[in-house]
Amino acid sequence: MSGETRRRRERRAWALPIVASVVVAASVVAWRGGAIAKRRTAALSTLSRSDDDDAAASKHGSKRDGDDAGDDAAASKHGGRRDGDDAGDDAATNTADDDAGADDAAGVGGGPDPEDPPHLVLILADDMGYNDIGYNRAPHQTNQVSTPFLDELASEGVTLTRYYTQCDCSPSRGALLTGLYPASTGLYHGVIVTQSHWGLPLEYHLIPQFLPSRYRSHAIGKWDVGHYTWNHVPTGRGFHSYVGFYGTDIDYYTHEIGAGCNSYNCSSAIKRCMNDSITDLNYDGAATGDEYYNRYSTDIFTDRAVELLRTESARNPLFLYVAFNAVHGPLEADDATIDRFNASFLYEARTERATFAAAALLMDRAVESIVKTMHAVGAYDNSIVLFASDNGATLAQTGGGSNWPLRGSKFTPYEGGVRVPAFLHSPLLGSGRRGITHAGLFHVTDILPTLVHAAGGSPPSDIDGVNQYHALFGSDATASSPRADVLVHVDVYGYETEAMGLATGAYIEGDLKVVVNATEATWCAPDSETYRYADECWDLPATYCDKVAENKSGYAAYFHKTYLFDLSVDPEEQHDLKDAMPAKFRKLYAAFQAHVDDLHAMEYKNTCTKSDDCDEVYMRWIDNGCVEPLGRHVLVRVGKRGRGAAPRATSAAAAARPRRARADADGGGGASAPLLGVVLDGGRLERGPHERHAALVAAVAEERREQRGVGREVAVDADDAVAVAGSSTTVGELDRRHGVRGAAGDDERRRVAHAAEVDGLAGVAAEAELRRDAARASRRP
């Protein structure tokens, strides 16, 4: 075993998995008579955008034939309906008019050029703290990171000195992609791990679904907002491709996840399936091959971004979402880079800070490779690069990050958990906007409306995010932030799904911040003995939740720190002002409580509470191929001239692999056709970005199946499906008309029978396709 491999394994052994709930909880939410209903809208999403259409677009994409550019950006918060009504179009038109007026007022010549939209590159670091980027390095500290290229980019752009995010991975990423607070989507409690059977609800549209249709959108790296059905993965939510991992963390080299199951059957199944491990790295849903094994994950993700820039940037504007797993644990890097930092650092018990610094430097070089490629292929001059971290750092010998001199860490609502490095870099910035700092409030939810506006789209008007385009690109160097307040964090649950009986979190209005019922957390410098020798600088909220669960004590014994801070003079949160400023305290506390009262129902579901439960979840996961979602998946090929066929697959499991819509000459009918996915979980249709078209097609297929009987080949008349699509028929009506069951109160036997029939149909249709292939081959000379 090489020294490098040994060191990696030793570091992994020390890494403490932190996948417990982000515990900060609020007064019990009164669900009286549905007064606080889920803030969702049952919505039908846009029709699939085929690769045929995208390939037909000219450089930076002329409008596709028959497409209305407003359609792609017209969705409102929660993904407004696109059933042919005009409400969404009117809202989008009004939003666009408002934006245009604001552009004129800001004196930026009407804003972005809709005929030449910029490439958008959104780079997200993982667990990078306030003190983990060169330009924020605290003086008089020795154990510090080095990020020279990121520093250079920031120095030529706009540094966001008051950029706020959420205090944990899944809530932060959900907020970024939807423009909605986790309190609005239900994603505020817990994190999504590899075996989680819950996720960001499908009715919320993500950034690529709001961009103009000419954009090619690609996700790279960490996902962590849900993958338990195919509709939840990136290629089911508006991205054209995905290379990355679904869960919270992976080994940087082997790409294995850190958790496992305990029973003999479960562990044996893992060994059979994944050679003694579970690897969470996939390309469009299919497990990657040996060519990726033992390749550093940062390099894999960088190479994918470079590839896309080289192959697609000349033809279409790109949206690249590059979410590195650096610098999240289990920390790893090559020995030479680690030794470079270790040689100059103060002694550490496990060299965690040196390894963190090495991983950060390698990510810095990765960003440099991406930007240099943008220059090389001619994409740089019309581009916007936005860099940020998803949350604050995990400290000491557990995480190796640093938020110094800010208070707190990841999982806490103090500044160290939520105030992180961020900047925007673009050649499109005016000369007066380069090399400046933007000191106004900026929240992770602001990224969606800002980038959508920059792309020439119409940001939804009913989200929590604020369009900051004018504050960043406007000609007025003194332009202030349009954001007045930030809901930093809120939660009302403790261990798993147990209500805490209190609310915890934080809220900012202007320069004032109220922290409500937080756990104790202070300050921890990277040179301190506590940092260099201890696993953690203090107990994290999840630790206290575990104590409550074990001892049956009350949460109030640990979650009781309430403060008022003036961040303009006290960003380190050292001086509590609630007694000196009682009126201000009451005002901010009331605003925070209003968010508690309006809290969305929690989406979190127990993954497992004991080993037996874990085994059951893992076994379901393994049965789907170890790295695949839990929902069953049926693919129906819709012929352009009215004939349909199943995908070429030998089994329903093989048919379950997701494929992007693409042209594929079938050699028989001569018609190319997109593949449309329908996911069933327990017999109920899960509706993702293509659910409207797919559900219509599936409904027609179901009708044919019922007419002809199970076991007969099903031909789908696409014209029928399109005719239905052009009407006002809702998916609910289709469900009732065509027998797609699963509504509350349905007979369980009918739902199970329906699911079995659909599964059987997939296998029968796949076999029929194979027979047709064989027949065609036998006829060829």
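**Reading a predicted model, feature by feature**

Visitor: Where is Pro 405 found?

Guide: Pro 405 sits in the loop between helix H13 (396–399) and helix H14 (415–418).

Visitor: How should I read the peptide bond from Trp 404 to Pro 405: cis or trans?

Guide: One reads the omega angle. For the bond from Trp 404 to Pro 405, omega is near 5°, and the bond is cis. A cis peptide bond also joins Gly 329 and Pro 330, with omega at about 0°. Pro 330 belongs to the loop between strand E8 (318–323) and helix H11 (335–342).

Visitor: Turning to another backbone angle, what is the phi of Asn 294?

Guide: The phi of Asn 294 is near 65°, a positive value in a residue other than glycine. Asn 294 is placed in the loop between strand E7 (286–287) and helix H10 (297–312). Thr 351 likewise is not a glycine, yet has a positive phi of about 50°. The loop between H11 and H12 contains Thr 351.

Visitor: Is Thr 351 buried or exposed?

Guide: The reading rests on relative accessible area, with buried meaning under 20% and exposed over 50%. Thr 351 has 19% relative accessibility and therefore counts as buried. Asn 294, at 41%, counts as partly exposed.

Visitor: How much of the protein do buried residues make up?

Guide: Of the 781 residues in the protein, 61% are buried. The protein exposes about 28,400 Å², of which carbon and sulfur atoms supply 49%.

Visitor: How many residues of strand E9 are buried?

Guide: For a strand, one looks at each residue and at the direction in which it points. In strand E9 (residues 383–389), seven of the seven residues are buried, so the strand is largely enclosed by the rest of the structure. Ser 383, Val 385, Phe 387 and Ser 389 point one way from E9, whereas Ile 384, Leu 386 and Ala 388 point the other way, and all are buried.

Visitor: In which sense do strand E1 and E9 pair, parallel or antiparallel?

Guide: Strand E1 (residues 119–125) pairs with E9 in the parallel sense over seven bridges. E9 and E10 run antiparallel and are joined by four bridges. Ala 388 has Ala 422 in E10 as its bridge partner.

Visitor: Where does Pro 427 lie, and which residues does it touch?

Guide: Pro 427 lies in the loop between strand E10 (422–425) and strand E11 (436–438). Leaving aside residues up to four places away in sequence, Pro 427 touches Tyr 380, Asp 381, Ser 383 and Arg 434. Ser 383 among these is also a residue of E9 that is buried. Pro 427 and Ile 384 are 43 residues apart along the chain, and their C-alpha atoms are separated by 7.6 Å.

Visitor: What share of the contacts with a separation of 6 or more comes from residues 24 or more positions apart?

Guide: Such residues account for 76% of those contacts in the protein. The protein has 25 helices and 20 strands.

Visitor: How many salt bridges does the structure hold?

Guide: The structure holds 21 salt bridges. The cut-off to keep in mind is a side-chain nitrogen within 4 Å of a carboxyl oxygen.

Visitor: Where do Lys 372 and Glu 368 lie?

Guide: Both residues are in helix H12 (residues 352–376), four residues apart, about one turn of the helix. Glu 368 is partly exposed, with a relative accessible area of 24%.

Visitor: How far apart are the closest N and O atoms of Asp 576 and Lys 578?

Guide: They are 2.5 Å apart, and the two residues form a salt bridge. Asp 576 counts as partly exposed at 32% relative accessibility, and Lys 578 is partly exposed at 24%. Lys 547 and Asp 539 form another salt bridge, with the closest N and O atoms 3.5 Å apart. Lys 547 is partly exposed, with a relative accessible area of 28%, and Asp 539 is partly exposed, with 29%.

Visitor: Which residues are linked in a network of salt bridges?

Guide: One such network links Asp 126, Arg 173, Lys 222 and Asp 390.

Definitions and conventions:
Residues are numbered from 1 along each chain as its sequence is written. This is a predicted model: local features need pLDDT of at least 70, side-chain atom pairs count only at pLDDT 80 or more; totals for chains, interfaces and linings use all residues. Side-chain values use heavy atoms; hydrogens and water are left out. Helices (H or I, at least four residues) and strands (E, at least two) are DSSP runs, numbered from the N terminus. Buried means under 20% relative accessible area, exposed over 50%, partly exposed in between (1.4 Å probe, protein chains only). Contact means heavy atoms within 4.5 Å. Two strands pair if DSSP finds at least two bridges between them. Accessible areas come from the Shrake-Rupley method with a 1.4 Å probe; for residues, only the protein chains shown count as cover.
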